[in-house]
Amino acid sequence: MTPTFAPTSLDHVALWVEDRDPLAAFLCDHLGMHVIEETDTFTLVGIDAKLGKLTLFDAEGPRQRGALERVVLRVAELEPALATLPFETTRRADGVAAFEAPAGVPLGLVEADGEDFDLDHVVLGLVDPESAARVLSTMGFERHADGCVAVGDRYVRIVRGDAADGDRPLLNHLALLVEDAHEVQQEAEGAGLEIDDVKDAKNTFAVFLRGPEGVRVEYVEHKPGFALV
């Protein structure tokens, strides 16, 4: 049986970071975000709980970028957004203004439609981009002619790279929002897919699967009364 996962959004990118407080402060002070939730082990930041977010998990350092080439946020006008940053950025051919945030996190800004500082896309560096895109297209992503895979108006671009991370990856997982994560679990089990983890939290229920070259993909369901802001 082939799974028919039906995600509605690329909900968040989760990172392992050595020191989350300076990174969270930077995101809030310079990139329009606020702390949505904070626990003993992670900090969730974003411009809105129902838009694209970043989850910062505590981890021993130093972390290695491995598969994560860059997380890119969208803005309506690039120049005013860059003026809020305390350092220079590197302009890339794809229109992204790239920079390194605290904890060595590679970020970027790009002009695109939507809310300022919402998640726009993620760039992964993997050994076999073609195979990775094919696998992700079976996991709920829509494959585009340019090689990217998307969910809604957010996408993942895969470039050739080396996912080696010395067992200390910076990328924890990519999270897709679904209406029913229990259904995802049932379909994954029926298809003989290995479920990496299942988490039943106060506001969410989530199922984790292993994607290409070890990239973890979370399928997260917002429970009724989802109360984050």
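Author: Start with the second largest pocket, whose volume is about 210 Å³. Among its 14 lining residues, Asp165, Pro169, Leu171, Arg210 and Gly214 are the closest to the centre. The model is predicted: local features need pLDDT of at least 70, side-chain atom pairs count only at pLDDT 80 or more, and totals for chains, interfaces and linings use all residues. Residues are numbered from 1 along each chain as its sequence is written, and side-chain values use heavy atoms, leaving out hydrogens and water.

Reader: How is a pocket found?

Author: Rolling a probe the size of a water molecule over the atoms shows where empty space is left. A pocket is an open set of points on a 1 Å grid over the protein atoms alone, where a 1.4 Å probe fits, with protein on both sides within 12 Å along at least five of seven lines; lining residues have an atom within 4 Å of a point. Volume is the space filled by probe spheres set on the points, which are joined across faces, edges and corners.

Reader: What volume does the largest pocket have?

Author: About 540 Å³. It has 26 lining residues, and Phe42, Phe57, Ala201, Thr204 and Glu218 are the closest to its centre.

Reader: Which strand gives the most to that lining?

Author: S16 does, with four residues. Strands are DSSP runs (E, at least two residues), numbered from the N terminus. Strand S13 (171-177) is one of those that supply at least two.
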